[in-house]
Amino acid sequence: MLTTNTIKDTGRDRVFTILNYVMLSFLLLIFVYPLIYIVSSSFSSTDAVLAGEVWLWPVDFSLEGYKAVFKYKQIWTGYGNSLFYMVVGTSINVTLTILAAYPLSRKEFYGRNFFMFLFLFTMLFSGGLIPNYLLVKELGMLDTRWAMMIPNAMSVFNVIITRTYFKMTIPDELVEAAKIDGCSDFRFLRSVVVPLSGPIIAVMSLFYAVGHWNAFFNALIYLRDPDLFPLQLILNNILVQNEIDPEVFIDIEKQASMSGLRELLKYSLIVVASLPVLVIYPFVQKHFVKGVMIGSVKE
């Protein structure tokens with residue numbers, strides 16, 4: 001007869017558990033409420049938002065904010081630019097990260113410690129803003145799309161995580177067996193390593209994609225052509241500097257003044273700008289914890 005022994009929680013354990021639930025619930029409210037407020041305000045009328053009547057649910061349900069967003073051509077231009085930077089930039093980032101991380105994960109790679117030192121050195125020291133600007137200018141990338149993708153083409157932090165993942169999941173025996181069969185390093189990387197690295201690739205893609213979507217500073221420094229501006233820079237011009245195209249007032253001039261329009265657009269723009277990341281996250285969430293935890297194991 002099998003018996004099972006269960007450890008009963010003591011009074012202190014129960015108190016500790018209750019306190020944890022209370023604290024985590026409080027933190028959840030702190031983090032979730034701003035999101036609820038933004039969404040509710042985006043569906044409320046301008047007068048309700050300006051009067052501070054929105055607390056939890058939309059007041060005087062209205063879609064005027066979204067109508068103004070959809071009629072503003074510059075926003076859609078920025079939206080398309082940000083999507084381009086995110087898709088193409090993330091592809092470049094992930095490719096370079098894998099190509100750098102895999103050789104550094106192999107023991108037979110001669111000089112890997114030296115190259116790893118060079119990578120780590122760049123995390124501690126950099127040339128600074130002005131040398132970076134001059135470099136981008138001399139390379140002919142100033143005021144081009146490449147200025148948004150090439151200068152930050154690879155993150156050393158992500159390389160370290162990916163390298164650790166390869167060391168933990170790709171056994172040496174598998175590499176040796178492939179070499180006996182005449183498999184080259186590039187073919188092994190393409191046919192074996194990449195298919196087995198779905199979790200870490202998904203995590204790296206999410207990291208890079210979010211970084212590109214939220215990119216603002218590089219665009220402010222390197223871009224002058226409004227047709228190349230990403231969405232975040234356009235949001236800054238509208239929400240912070242209050243620069244709005246006069247064409248926007250054609251259809252809603254009777255409904256809002258300049259200050260009212262700013263409030264009308266603010267929350268709707270935040271919701272619209274957050275959609276791509278919110279759509280991407282559920283597809284990589286199942287790989288997120290596994291990829292980060294395995295890749296973060298210290299040697």
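## Helix packing and ring pairs in an all-helix model

Phe 207 is found in helix α10. With a relative accessible area of 33%, Phe 207 counts as partly exposed. Computed along the chain or through space, how far is Phe 207 from Asn 93? The two are 114 residues apart in sequence, yet C-alpha to C-alpha they sit 10.0 Å apart. Keep in mind that this is a predicted model.

**The overall picture**

The protein has 14 helices and zero strands, and along the sequence the pattern is simply α after α: α-α-α-α-α-α-α-α-α-α-α-α-α-α. There are 299 residues in the protein, and 36% of them are buried. If you look at contacts between residues at least 6 apart in sequence, 72% join residues at least 24 apart.

Two packed helices are described by the angle between their axes and the distance between the axes.

| Helix pair | Axes come within | Crossing angle |
|---|---|---|
| α4 and α10 (residues 198–213) | 8 Å | roughly 140° |
| α4 and α5 (residues 112–124) | 9 Å | roughly 140° |

Angles over 145 degrees would count as roughly antiparallel, and 65 to 115 as roughly perpendicular. At roughly 140°, α4 and α10 are therefore oblique to each other. The crossing angle with α5 is also roughly 140°, and that makes α4 oblique to α5.

Which hand does each crossing have? α4 passes α10 in a right-handed crossing, while the crossing of α4 and α5 is left-handed.

On the α4 side, the contact with α10 is made by Tyr 79, Ser 82, Leu 83, Tyr 85, Met 86, Gly 89, Thr 90, Asn 93, Val 94, Thr 97 and Ile 98. From α10 come Ile 201, Met 204, Ser 205, Tyr 208, Ala 209, His 212 and Trp 213. For the α5 contact, Ala 100, Leu 104 and Ser 105 in α4 meet Arg 112, Phe 115, Met 116 and Phe 119 in α5.

**Thr 97, a buried spot on α4**

Thr 97 lies in helix α4. Is Thr 97 buried or exposed? Its relative accessibility is 1%, so Thr 97 counts as buried. Leaving out residues up to four places away in sequence, Thr 97 touches Met 154, Asn 158, Val 159, Thr 162 and Tyr 208. Tyr 208 is one of the α10 residues in the contact with α4. There is also a C-alpha separation of 9.1 Å between Thr 97 and Ile 160, which are 63 residues apart along the chain.

**Rings and a charge**

A search of the whole structure finds 15 aromatic pairs. One of them joins Tyr 102 and Phe 188: the ring centres are 6.2 Å apart and the planes are at 45°, so the pair is tilted. Tyr 102 lies in α4 (residues 73–105) and Phe 188 in α9 (residues 185–196), so this pair ties together parts that are 86 residues apart in sequence. Both partners are tucked away from the surface by the numbers: Tyr 102 is buried at 5% relative accessibility, and Phe 188 is buried at 3%.

Phe 109 and Phe 115 make another aromatic pair, stacked this time, at 5.8 Å centre to centre with 25° between the planes.

Which residues join Tyr 102 in a cluster of ring pairs? Ring pairs link Tyr 102 with Tyr 165, Phe 166 and Phe 188.

A charge and a ring come together too: the charged end of Arg 145 sits over the ring of Phe 84, 5.0 Å from the ring centre.

**Two loop residues with positive phi**

Most residues other than glycine have a negative phi. Asp 60 has a positive phi of about 55° although it is not a glycine, and Asp 60 is found in the loop between α2 (46–50) and α3 (64–71). Asp 143 has a positive phi of about 60°, again without being a glycine. Asp 143 is found in the loop between α6 (129–138) and α7 (156–169), where it is partly exposed, with a relative accessible area of 30%.

Terms used:
Residues numbered from 1 in each chain as written. Predicted model: local features only at pLDDT ≥ 70, side-chain atom pairs only at ≥ 80, totals over all residues. Heavy atoms only, no water. Phe/Tyr/Trp six-rings, centres within 6.5 Å; stacked < 30°, edge-to-face > 60°. Helix = DSSP H or I, 4+ residues; strand = E, 2+ residues; numbered from the N terminus. Buried < 20%, exposed > 50% of the residue type's maximum accessible area, 1.4 Å probe, protein only. Lys NZ or Arg CZ within 6 Å of the ring centre and 35° of its normal. Axes fitted to C-alpha atoms, helices over the stretch in contact; angles between N-to-C directions. Parallel < 35°, antiparallel > 145°, perpendicular 65-115°, else oblique. Left-handed = near helix turned anticlockwise from the far one by under 90°. Contact = heavy atoms within 4.5 Å.
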